[in-house]
Amino acid sequence: MSHLTAFERKLNQLFLDRTYDLRSKLGLKKCGPKPHPKREKIDKAIQTLQDLASNILASGYAKKEFEENAGRKRGRKIVGRGWKKQKELFEKWFQRDFANQDELVYVFWNKNKCLYVGRTGNGGSRPSSHFNRKDMPKITRVDIYPAKSKVHTSKLECLAVHRFGPSVNKNKPSRKKWTKKCPLCDIHRQIEVDLRKIFRIKR
Ligand SMILES: [Zn+2]
């Protein structure tokens with residue numbers, strides 16, 4: 001089932017549950033027990049719909065927004081035996097090519113699987129500081145992107161997470177606080193706002 005179909009089904013199911021009483025009074029009752037809408041159920045549904053939205057938008061809207069905000073990519077294959085050597089060689093290249101740039105977004109890859117997205121500069125860290133993390137699988141490549149505007153580095157970082165879905169980032173887009181000015185975060189926020197409004201549960 002496509003993510004889009006799953007999204008629509010989940011949404012329709014919420015509506016059917018919510019209107020169970022009304023429909024059953026008119027003889028439109030469906031089989032199955034009467035659903036009991038609970039706050040936790042709505043919380044879980046919101047989470048599911050946000051996760052599905054992340055997947056649906058990754059290769060479309062997130063890709064477009066990321067590309068519009070990213071400068072030219074420069075990547076480096078990770079070579080050397082052991083993380084110390086890899087870090088040393090990478091650091092040499094990074095210092096030489098990005099000596100005067102302190103606002104960059106980097107993306108770690110294991111072949112075609114995205115592992116990690118981070119950024120340098122204020123509130124960020126150097127890419128090489130993640131080389132010996134226990135939770136980091138083997139890194140085969142690191143791509144570096146400048147933001148088109150310096151003030152937008154955190155937005156570009158957020159867009160990269162939406163776009164590539166890194167496995168190691170603790171703050172997956174659907175589980176963290178949404179970033180201001182990120183249009184993809186806006187959509188995730190809107191999903192929650194709308195669903196809470198439509199499927200309000202009395203305490
Ligand atoms: Zn975002």
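Author: Gladly! Keep in mind that this is a predicted model. Let's begin with H7, where the buried residues are Leu184, Cys185, His188 and Ile191.

Reader: How are the buried residues of H7 placed when seen down its axis?

Author: They fall within an arc of 115°, so these buried residues line one face of the helix. The other side of H7 has Gln190, Val193, Lys197 and Ile198, which are exposed.

Reader: Which helices do the buried residues of H7 pack against?

Author: Their partners are H3 (39-58), H4 and H6.

Reader: Which residues of H3 are buried?

Author: Ile42, Ile46, Leu49, Gln50, Leu52, Ala53, Ser54 and Leu57 are buried there. These residues pack against H1 (3-18), H4, H6 and H7.

Reader: H4 and H6 have both come up now. What describes two packed helices?

Author: The angle between their axes and the distance between those axes. For H4 (residues 61-69) and H6 (residues 153-164), the axes come within 9 Å and cross at roughly 145°. The crossing in which H4 passes H6 is left-handed.

Reader: Which residues of H4 and H6 meet?

Author: On the H4 side, look for Ala62, Lys63, Glu65, Phe66 and Asn69; on the H6 side, they meet Lys155, Leu156, Leu159, Ala160, His162 and Arg163. By type, the residues of this contact divide into five nonpolar, two polar and four charged.

Reader: Why is Ile201 called partly exposed?

Author: The reasoning is a count: Ile201 has 13 other C-beta atoms within 10 Å, whereas a residue is exposed at 12 or fewer and buried at 20 or more.

Reader: Which residues is Ile201 in contact with, leaving aside its neighbours within four places in sequence?

Author: Those are Pro37, Lys38, Arg39 and Ile42. Ile42 is also one of the buried residues of H3. As for Thr48, that residue is 153 residues from Ile201 in sequence and 18 Å from it in space, C-alpha to C-alpha.

How values were computed
Residues are numbered from 1 along each chain as its sequence is written. This is a predicted model: local features need pLDDT of at least 70, side-chain atom pairs count only at pLDDT 80 or more; totals for chains, interfaces and linings use all residues. Axes are lines fitted to C-alpha atoms, for helices over the stretch in contact, and angles run from 0 to 180 degrees between N-to-C directions. Helices (H or I, at least four residues) and strands (E, at least two) are DSSP runs, numbered from the N terminus. A crossing is left-handed if the near helix is turned anticlockwise from the far one by less than a right angle, and right-handed if clockwise. Two residues are in contact if their C-beta atoms, placed from the backbone, lie within 7 Å. Ala, Val, Leu, Ile, Met, Phe, Trp, Tyr, Cys and Pro count as nonpolar, Asp, Glu, Lys and Arg as charged, and the others, Gly among them, as polar. The arc is that of the directions from the helix axis to the C-beta atoms.
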